[in-house]
There are 4 protein chains.
Amino acid sequence: MALDKVKLTQPGALKSAAGEICLHLDDETRDNASRRLKSAKGHLEGVLRMLEDPDIYCIDVMKQIKAVQGALTKINEAVLRSHIRDHVATAAQRGDTDQVVDELMEALKYKA
Amino acid sequence: MALDKVKLTQPGALKSAAGEICLHLDDETRDNASRRLKSAKGHLEGVLRMLEDPDIYCIDVMKQIKAVQGALTKINEAVLRSHIRDHVATAAQRGDTDQVVDELMEALKYKA
Amino acid sequence: MALDKVKLTQPGALKSAAGEICLHLDDETRDNASRRLKSAKGHLEGVLRMLEDPDIYCIDVMKQIKAVQGALTKINEAVLRSHIRDHVATAAQRGDTDQVVDELMEALKYKA
Amino acid sequence: MALDKVKLTQPGALKSAAGEICLHLDDETRDNASRRLKSAKGHLEGVLRMLEDPDIYCIDVMKQIKAVQGALTKINEAVLRSHIRDHVATAAQRGDTDQVVDELMEALKYKA
């Protein structure tokens with residue numbers, strides 16, 4: 001809270017008053033993810049309306065859910081790309097390579 | 001529309017006034033999918049709120065989006081199971097095996 | 001063993017002397033899978049030779065292994081298609097729908 | 001070819017006589033990948049022998065092929081981990097971040 005945050009030269013990193021570097025999602029990727037997530041939410045609401053129809057066909061439901069998942073995958077790819085660029089590629093400079101690698105491998109593991 | 005639908009002995013199939021068999025998602029699976037989809041939508045709204053925080057960390061966003069995808073995958077598995085049971089396993093009886101197999105292979109292909 | 005097997009009218013099914021139906025992979029799909037699996041094995045041997053080079057680049061290894069996995073996925077899709085056509089679509093006729101559905105859902109789950 | 005290669009302090013990087021840095025898979029990961037790939041090849045040969053049996057069941061073939069794919073996925077994860085540690089985490093130091101990120105995103109895309 002009430003931290004005196006200073007933008008570092010590398011995007012997606014802040015230095016707190018205590019001098020600790022805080023990694024965070026860069027603003028452009030965050031706005032973009034937010035916009036596309038709202039669209040995915042609208043798509044999901046469409047699937048919910050489909051499910052009110054007692055005659056709906058299984059395959060049509062499956063296709064729509066997969067389309068939503070495809071949109072989420074694209075959002076995650078954009079977040080992943082900015083994470084690798086801003087935080088993974090700079091890990092050796094910060095000296096936290098082991099932690100950053102473990103964290104990334106863990107996040108990639110659960111690729112839905 | 002004003003069809004004189006008759007429930008057939010096999011769940012998830014209706015016969016229209018014209019005698020055409022209409023395959024559809026069985027009611028229990030449909031209600032269940034709807035309930036779980038509402039929960040996934042709530043989760044997605046939570047991710048949208050996360051993205052309002054300028055200090056949010058990429059890895060945390062990725063994990064939450066993957067969790068939503070995992071929930072969607074489970075919903076699709078339940079729909080797939082009821083589709084195979086009600087429509088694929090009965091295809092030889094109805095005589096539409098080729099069409100049902102093509103359709104299922106197509107739907108499985110896009111596994112997100 | 002020395003069973004008096006009789007080809008049933010549906011491909012991929014034999015009747016043993018005891019009258020038990022034995023489901024099996026149809027010959028054409030089996031030959032095709034065998035041929036393509038030999039090719040995937042050749043590809044894998046190529047990756048093994050790549051790995052003898054001390055200057056080999058990680059990304060090149062990853063791409064080749066993924067190419068082998070893609071070939072295996074295609075083989076499995078062909079086996080899956082013939083399984084659904086010959087054994088799943090006929091399950092209601094044989095009366096073993098529950099077992100066939102459980103087995104298929106289990107097999108699809110481990111989609112690598 | 002007749003390059004005067006010099007091991008750099010970071011593992012998995014060589015400097016050619018021309019002063020160009022050559023990224024390569026570190027020896028331990030390479031040996032490990034090679035050993036596990038030989039085992040996957042043996043498994044694949046086992047599946048080929050299975051396919052000689054005219055009574056083989058589709059689901060059993062699918063399970064074995066998926067097991068081979070699981071082994072290949074684990075090998076690729078080990079190669080990926082060493083690539084991220086040795087080459088991606090050091091990209092900002094070398095100054096080739098854009099290229100390394102594009103290459104990695106491309107490689108992750110084709111996750112089989």
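Two exercises follow on this predicted model.

**Exercise 1. Helix 4 of chain B**

Task: Find which residues of helix 4 of chain B are buried, and explain where they sit around the axis.

Solution: 
1. Start with the length. Helix 4 of chain B covers residues 97-109, which makes 13 residues. From first C-alpha to last, helix 4 of chain B reaches 18 Å, close to the 18 Å expected at 1.5 Å a residue.
2. Apply the burial cut-off, under 20% relative accessible area. T97(B), V100(B), V101(B), L104(B), M105(B), A107(B) and L108(B) are buried.
3. Look at their directions. They cover an arc of only 165 degrees around the axis, so they lie on the same side of helix 4 of chain B.
4. Recall the geometry. An α-helix has 3.6 residues a turn, so residues three or four places apart point the same way.
5. Turn to the other side of helix 4 of chain B. There D98(B), Q99(B) and K109(B) are exposed.
6. Name the packing partners. The buried residues pack against helix 2 of chain A, helix 2 and helix 3 of chain B, and helix 2 and helix 4 of chain C.

**Exercise 2. Chain C against chain D**

Task: Describe the interface between chain C and chain D by its contacts, buried area and polar pairs.

Solution: 
1. Count residues. 47 residues of chain C contact 47 residues of chain D.
2. Take the area. The two chains bury about 4,500 Å² between them, with 69% of it on carbon and sulfur atoms.
3. List charged pairs. There are 2 salt bridges between chain C and chain D. One of them joins E45(D) and K41(C) at 3.4 Å, N to O.
4. Chain C and chain D have 17 residue pairs in polar contact, both at pLDDT 80 or more.
5. Assign the elements. Helix 1, helix 2 and helix 4 of chain C each give two or more residues to the side that touches chain D. Helix 2 of chain C gives the most, with 17 residues.

Note on methods. Residues are numbered from 1 along each chain as its sequence is written. Chains are lettered from A and ligands numbered from 1 in the order in which they are written. This is a predicted model: local features need pLDDT of at least 70, side-chain atom pairs count only at pLDDT 80 or more; totals for chains, interfaces and linings use all residues. Side-chain values use heavy atoms; hydrogens and water are left out. Helices (H or I, at least four residues) and strands (E, at least two) are DSSP runs, numbered from the N terminus. The expected span of a helix is 1.5 Å times one less than its number of residues. Buried means under 20% relative accessible area, exposed over 50%, partly exposed in between (1.4 Å probe, protein chains only). The arc is that of the directions from the helix axis to the C-beta atoms. Contact means heavy atoms within 4.5 Å. Buried area is the accessible area (1.4 Å probe) that two parts lose on being put together, summed over both. A salt bridge is a side-chain nitrogen of Lys or Arg within 4 Å of a carboxyl oxygen of Asp or Glu. A polar contact is a pair of N or O atoms within 3.5 Å; within protein, one must be able to donate a hydrogen and the other to accept it, and residues adjacent in sequence count only if both atoms are side-chain atoms.
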